[in-house]
Amino acid sequence: MASTLLELTRSSHEEVERLERLVVKDLQREPTSNRERLFQSHRVRNMIDRVIETTNKLVEIYEDKDRARKDEIAALGVKTAGSGGTSTLNYSGFYDRLKEIREYHRRNPSARIVEVNDDGEEILKEEPRIEFSGEESFGRYLDMHELYNEYVNSKFGEPIEYSAFLDAFSQTHKIPLHLKQMRQYRDYLEHLLEYLVSFFIRTQPLQDLDRIFSKLQTEFEELWAAKKVRGWENNDMENGHTSVQESVIDLDYYSSVEELIELGPQRLKEGLAALGLKTGGTVQQRAERVLLTKDTPLEQLDKKHFSKGSRSSGNNNAEQLNDSAKEVALMEFKIQKMCELLEETIVQTKENVEKKQALTYEEMEAEREEEEVQADTESDDEEQQMYNPLKLPMGWDGKPIPYWLYKLHGLGQEFKCEICGNHSYWGRRAFERHFKEWRHQHGMRCLNIPNTKNFNEITSIQEAKVLWERIQERQGVIKWRPDLEEEYEDREGNIYNKKTYTDLQRQGLI
């Protein structure tokens, strides 16, 4: 621990530089598996957080609100006066401080050695604790079974399979507006957004989610003001014509007080509270009060029906409902963004679910046991040199893929593309996909040739140029030529093409 404020400042600067070097050193190492990639990302995230924390402390020191730093500098006896002033040094104060520093290091002989020789290898070897459920398989898949149960058991959901829910949970625009005002739907959105954010932070800790949401908030405000938020285009809550059918109770299914009484006192109370109406009285009185709002806008209701503090016109209540609707719409907007960021993971989760549905119980148990064995031996395998005599490509787990899979995809066949700078692609699938990837597209742009389907399977620069010339010649024959085909008529009714008409006009003959 630093003995003085100035020493604390110096050691903080040193700590920041040390952490920055460790971040660079860690990122230079290529992770061998998905688990190691996550560990690396969380280590870097933790070091970045420590840099931010240390930097904030340095800012507080330099702001010197309590004048402690200035007093400590003054205690050294240093005085300055103007640009051409004098400076003096109080040697007695200097030697007193030197004595304190020597005494500190005498009591802590290992402090200087640790600071100088610590290269951070222990930090780079540590494995941060990251909690994943068994279904998430260490960040490979989503585990949304609790959210699925919440969805299918709700009034806004529908009884569907889990695999279908993975497609449906992001399509919030398909849910009717009057169901979105339910507290149950709001709670569901909060749980869904909380899980997606938690999973994103655990799997991609280096992403700045606060910055993403900040830009998202600005975009949402613009769309909301223009009433262009998907699923909320017909939201008319700002007009104050909010009825109970947009709240908890849908009055389209009720035509009499007796039918509303069957809902029970609690639900009637919730419906009245949502509109700012009085919630007291008997069940009969509550039902009558609810039924009044079926055909009568809130602003036309008598003052006596509103609770204390509510405006008789219902405008204040309408504003509250509009604010509530805006919050729900914002959560939906954030969920849509999270689904875009986790699109690949969602697809992989659905494929994994469909794969498990096709397995028998014995196969599922065997696969589970194999995953457990792999998890137990993964750390040992990474420390040892991987035995790979056939030079097979590495899979997602950092191990060589099976030989049958290697032969199935033809990964032993090499394809070179001159347009991509003689880059090699292994396997027919990778070769076919590369025509739409950035490397090939960049090469085509450098040749000033559009990357269309006509140039698929073309890897030679010369062949691409020859084909492009032929396409241009063919387009030149079919192409409409205005100089020769555009017609002009003079006063006498004579027809000329554009070129002839222009020449005659210049000569004054027309």
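Reply: A residue is called buried when its relative accessible area is under 20%, exposed when that area is over 50%, and partly exposed in between, with a 1.4 Å probe and protein chains only. The model is predicted, so local features need pLDDT of at least 70 and side-chain atom pairs count only at pLDDT 80 or more, while totals for chains, interfaces and linings use all residues. Residues are numbered from 1 along each chain as its sequence is written, and side-chain values use heavy atoms, with hydrogens and water left out.

Helices (H or I, at least four residues) and strands (E, at least two) are DSSP runs, numbered from the N terminus.

Within helix 16, the residues Thr345, Ile346, Thr349, Asn352 and Val353 are buried. Viewed down the axis of helix 16, its buried residues lie within an arc of 125°, so they line one face of the helix. The arc is that of the directions from the helix axis to the C-beta atoms. An α-helix has 3.6 residues a turn, so residues three or four places apart point the same way. On the other side of helix 16, Glu343 and Glu344 are exposed.

Burial also occurs in loops. Asp64 is found in the loop between helix 2 (34–63) and helix 3 (68–75), and Asp64 is buried, with a relative accessible area of 16%. Ser137 lies in the loop between helix 6 (121–125) and helix 7 (145–152); at 19% relative accessibility, Ser137 counts as buried. Most residues other than glycine have a negative phi. Phi of Asp64, however, is positive, near 50°, and phi of Ser137 is likewise positive, near 50°.

A further region comes from a record: the UniProt annotation "domain: Matrin-type" (unreviewed entry) covers residues 415–446. UniProt positions are given in the numbering used here, feature names are shortened, and annotations may be inferred rather than shown by experiment. Over residues 415–446 the chain is 47% helix and 22% strand, and the end C-alpha atoms are 21 Å apart.
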